[in-house]
Structures are given as structure tokens and as C-alpha cells.
Amino acid sequence: MTEQAMGDAPDRDAATGTIRVLVAKLGLDGHDRGAKVVARILRDAGMEVVYTGLYKSPDEVVAAAVQEDVDVIGVSLLSGSHVPLFRELGRCLREQKADHIFVVAGGVIPEQDYAALWDSGVDAIVPQEARAELIVTTIRNLVAARGRI
Amino acid sequence: MTVSMPSRPVKRAAYRPSTELVPEILSGNVAAIARMITRAEAGYPEAAPALAEIYRHTGKAHVVGITGVPGAGKSTLVSSLIRAFASEGHKVGVVAVDPSSPFSGGAILGDRVRMSEAASSSQAFVRSMATRGHLGGLARSTLQAVDVLDAAGYSPIIIETVGVGQDEVEVVTAAHSIVVLSAPGLGDDIQAIKAGILEIADIHAVSKSDKPEAAVTVSALRGMMTLGSERAGSKWTPPVLAVSAVSGERLGELKDAISRHWSHLRESGELVERQRGICRTRILGAAKYLFQRKFDERAGEIGEHIQAVVNRDMDPAGAARLLLGWTNEGQAT
């Protein structure tokens, strides 16, 4: 207690705290090689990655993210149904008062759909050709900007 | 090739004092429970008084440890147990531990993959936890997470250990009832009479009973039990149950055995001894952690001790005694 005034974020803030990420596959999309590669990249960057497995609904993903108290939900989508699924994910996050959690989208997402994803609360879109460091830095910068909660 | 980001500002959220979260935890708020577990794991000094307050509301839950080798089927079994207990109206808590990388410190926490259906029940709270360097099969703050769930009214609370080898038996001083899950086909009856993990079982479960090799494992374990099975002073004889998550075979019996063991502990008075053992281990564990933190924080002072030990002016145990403030001769080395 002496080290920290009540109410302030503790010393061990975003700079040293462990970042927790939920890596999820939404809807009818059975391809999770990419999601597993990303999970491994984040693990190797020192993050704790909760992997949900395939065919999850947005409300299942949000319920898991709340229990796991993750900083970021990373969603990989290759099915083409990203616009409605991210809209639903954003709605569930607001409904469960969990919209402090960042949403990072990856997979196959055409640029003309970006605006719709921003409206749904997505915080970053990682193009499929992104290098590993880029994914890691994006997440670290988002969490550092928000700080510990 | 860059990451695209929206033009709106980055999301913000305020840090809420831990003591503010306590009443929400006691009334079962899932987000508050989750946040407090995060703070316990991080070891924030700010959370210490709140955790102390939470501890005063614990002691009601039945804590069940599930351990076994990697791939034995622990997460699948936990998933079945969540369903079985939830169907009787219990609020089931789960803390599932997976290893952290010794190199990066990161972790893949994959236990939810096998639990997804059960875990999304409103009757269950599942938390994945990385060991963060702690050895023995659990994480340092596993039992603080159990406290938070206990105070929030969850019972039973299931601790799933990391996949263990033969000697990671820390769970025995963490839980009231220990289920050791053995997988078929992993060894002969010599494995079964070795010291270590098999000795700590209150209940033996053999997974994948739909496979023919399961019968061999069951008979090796039963053979071992005929040589004497009780933990010192206990009247409980650990049952050996072959279960299958695929067919659902005997899962009900396993759930009943867990409940029966809990009744046995309370009626026989053995629970008192177990609880004392758990508290003893926790005090010692907390002392080790606090000492480690002090060690990390006082790097300068400790540097002088290190140099003294390098120079052979002092021995390592003597330096440790100095750091602990034990300057008297004749104390344990």
C-alpha cells in the first residue's frame, strides 16, 4: 500500500504487465492454421494467449474474454462474413460492458469493408501479409495507450 | 504494408480501486471477479487489502484438484464435470493452469478449447492461468483465484493442474479432494507402484475407457491399491473409475465419488487437517514470494552481498540469513 496511492494504476503498468489476448475464430470458418500461427507469435512475444477453438459465436467469445479479463480479442476471419460478425461482436461487447477490450481483426478483409468494421468498434485491421513484429507492436501500442485497468 | 486503424481516439478505461470491486465480487459480478484475479496474478500491492478482505469470505467451497499427464484428458473431464455439477444447480468455478514459456514468458492457454460448451454456461466461471515460472503444477496465485471464486459463491471449484510428470504434487496442499487422471497405455504396473503423483489420489480416474488398453491400466491401479492405499490416518479408500468423455460412461459415478469424498472429509473431521495443511503451504508460499520481491527490489544492497559471496567473505546461506534479518548464529542453514 505504501508504494501506491489508492486509485492510481500500479507501478507495474502496461510497460511490464503481462498482456493477455484471446484468439478467436468466429462463425462458420474452419481454417485455424493462421490463428494458431498468430497465437504462437504472441506467445513468443511474451503474451498470454487464450485460444478458444473453432466455430464460436460472438457472445461466447465475449463471455470468455470477460472471464479471462483479456486486453485484446484477436479475430481471424477468412469466411467473408466479417462485416456482420464484427458488428455482432461489437454489440455483445457493449452489451456486456466489455468495450474496453480492443478488437484486432485479421484474415481476409477487403479494404472497402474497413469503414464498416470501424463502425463496429474494431481497433485495428492487420493485413494478411503483415510480418510478425507488426502484429506484436500493434497490440503492445494499443495496450500501452490505454494503460492498466 | 501497414496496420490500419480507425480515426477515432484509442479506447480508454479508468483503473478502479480494488476495494471497490469487493462488494461486486461478493454479489457474483463476473467482470469484477475476473479483474481481481488479474490483479492477484500481477501481484499489485494495491490489491492486497482487497484480497485480504475477500479471504474473510472464503471457506465455503469444495476445492477439487484434477491432475495427470499431458494429454490424459483433464480439460475434457473438467468440461464433463462442469456439466454434471451445473445440472444439479451448482455454480462451478474452474482455474485451469497451463505452462508459461521459460524463454519468452508467454503462454498458450488452450484448456477452453475442450470446455467451450460447458464454459459458456451461465453457471460456470472458467479462468485460464499461466504458471509464470512457478513449478509444482500450479501458478503462484492459483489459490487467490480460488479465494475470489469461493467468496463469489462458486462450489465446487475445480483446479486443473498443468500436465504433470511424476513429481509435481503441489495440488495436494491446494485442494480438498484430488482426482488423479491416468491415461491408458502409458506404462506397466511398475509405474503404478512408484512414489509420487499416484500416491496423492483421493480418487483415481482412468480416461478414454472406450479404448481396450484402459482395462489394463485400471487393473494395475487396483493392484496397487491392494498393497495399501490410505493416506496416513484416513479411512477413505480411493476408488478407481474408468471414464469416457466420448460415451459419457461413469462420469456420473465420478461426480458422485467427488461429492462422497467431500462428505467423508467433513464427517470424519479430516477436513480440519487438510485445511491446516493448505493454510500452512499458503503462508510459506506467500513468504517465499514476498522475499523474492524484496530481493528484486533491493538489488543494490543485494549486490554487495553477492560480491561478498563471490569474494568468499561470506557463504551463500550466511548472506540469506542477513537478508532475512536473522543475524543469530545457530539458525537453520
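**Reading the sheets**

Modeller: In chain B, seven strands with parallel pairing form an open sheet in the order 4-2-5-1-6-7-8. Strands (E, at least two residues) and helices (H or I, at least four) are DSSP runs numbered from the N terminus, and two strands pair if DSSP finds at least two bridges between them. This is a predicted model, in which local features need pLDDT of at least 70, side-chain atom pairs count only at pLDDT 80 or more, and totals for chains, interfaces and linings use all residues. Residues are numbered from 1 along each chain as its sequence is written, while chains are lettered from A and ligands numbered from 1 in the order in which they are written.

Biologist: Which strand of chain B is joined to strand 8 of chain B, and by how many bridges?

Modeller: Strand 7 (residues 203–206) of chain B runs parallel to strand 8 of chain B, and three bridges join them. Within this pair, Val206(B) has Ala242(B) as its bridge partner.

Biologist: What is the order of the open sheet formed by six strands?

Modeller: The order is 5(A)-4(A)-3(A)-1(A)-2(A)-3(B), again with parallel pairing. Strand 5 (124–125) of chain A and strand 3 (107–109) of chain B stand at its edges; each has a single partner strand, so one side of each is left without a neighbour in the sheet. Four bridges join the parallel strands 1 (residues 20–24) and 2 (residues 48–51) of chain A, and Leu22(A) stands opposite Val50(A) there.

Biologist: What pattern does chain A follow along the sequence?

Modeller: Chain A has five helices and five strands, in the pattern β-α-β-α-β-α-β-α-β-α. A residue is buried if 20 or more other C-beta atoms, placed from the backbone, lie within 10 Å of its own, exposed if 12 or fewer, and partly exposed in between. Buried residues make up 46% of the 149 residues in chain A.

Biologist: What confidence does the predictor report for chain B?

Modeller: The pLDDT is the predictor's confidence in each residue, from 0 to 100. Chain B averages 88, and 93% of its residues score at least 70. For the complex, the predictor gives an ipTM of 0.87 and a pTM of 0.90.
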